[in-house]
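The remarks concern local features of the fold.

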Amino acid sequence: MSATSHGGGQATASFELARDAYGRLVFTGADGVAHEGVVPVRAFPISAPRQGVALMSADGHELAWVQDPAGLPAAIAALIADELSRREFMPEIRAIVAVSSFATPSTWQVDTDRGRASFVLEGEEYIRRLAGGMLLIADSHGVHFLIRDAKALDRASRKILDRFL
């Protein structure tokens with residue numbers, strides 16, 4: 001499969017993307033050189049997850065920049081989306097069901113877009129405010145939970161959350 005990436009309105013480059021027998025992505029650039037173990041990386045995974053993906057070589061060099069993956073041929077876009085979903089795990093909190101204590105560390109029971117979850121919040125400093133009213137909560141194991149819009153949570157969830165902010 002081949003495609004053309006656009007570098008923010010700059011030069012374009014043609015490339016091919018496929019999986020090898022080991023399930024790794026193989027990028028073949030316009031120069032015909034194949035790079036195995038290519039990793040797609042989102043530029044802004046939280047604020048703009050559907051835009052700006054770099055295809056990185058195994059040694060960390062950018063091979064191509066894709067401003068809008070939706071503009072790629074469907075098969076290549078699917079390969080990139082599949083690879084990103086394998087690497088990224090960030091459940092989105094839909095509701096805060098309960099907390100064990102308003103002092104930290106505390107155990108949180110939450111409903112996420114991937115089901116019910118429980119995690120330990122070590123301290124208030126593990127809740128980070130992001131642009132646009134988003135919050136990122138890191139649990140004691142380093143798993144990040146996203147609250148896309150704290151104001152959109154139900155009243156009980158907001159009340160619990162306010163105690164920690």
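1. In which loop is P105 found? This residue of the predicted model sits in the loop between strand 7 (93–99) and strand 8 (106–112). The peptide bond that joins T104 to P105 is cis, with omega at about 0°.

2. An open sheet is formed by three strands in the order 10-11-12, with antiparallel pairing. Strand 10 (127–129) and strand 12 (144–147) are its edge strands, each pairing on one side only. On average, neighbouring strands of this sheet are turned by 20° against each other, direction ignored.

3. Within that sheet, four bridges connect strand 11 (residues 135–138) with strand 12 in the antiparallel sense. A138 has H144, in strand 12, as its bridge partner.

4. Helix 2 (residues 155–164) has S157, I160, L161 and F164 buried. Viewed down the axis of helix 2, the buried residues fall within an arc of 95°, so they line one face of the helix. On the other side of helix 2, the exposed residues are R155, K159, D162 and R163.

5. Against which strands do the buried residues of helix 2 pack? Their partners are strand 7, strand 8, strand 9 (115–121), strand 10, strand 11 and strand 12.

6. The N-terminal end of helix 2 is capped by D154. One side-chain oxygen of D154 lies 3.2 Å from the backbone nitrogen of A156.

Notes. Residues are numbered from 1 along each chain as its sequence is written. This is a predicted model: local features need pLDDT of at least 70, side-chain atom pairs count only at pLDDT 80 or more; totals for chains, interfaces and linings use all residues. Side-chain values use heavy atoms; hydrogens and water are left out. Two strands pair if DSSP finds at least two bridges between them. Helices (H or I, at least four residues) and strands (E, at least two) are DSSP runs, numbered from the N terminus. Axes are lines fitted to C-alpha atoms, for helices over the stretch in contact, and angles run from 0 to 180 degrees between N-to-C directions. Buried means under 20% relative accessible area, exposed over 50%, partly exposed in between (1.4 Å probe, protein chains only). The arc is that of the directions from the helix axis to the C-beta atoms. Contact means heavy atoms within 4.5 Å. A polar contact is a pair of N or O atoms within 3.5 Å; within protein, one must be able to donate a hydrogen and the other to accept it, and residues adjacent in sequence count only if both atoms are side-chain atoms.
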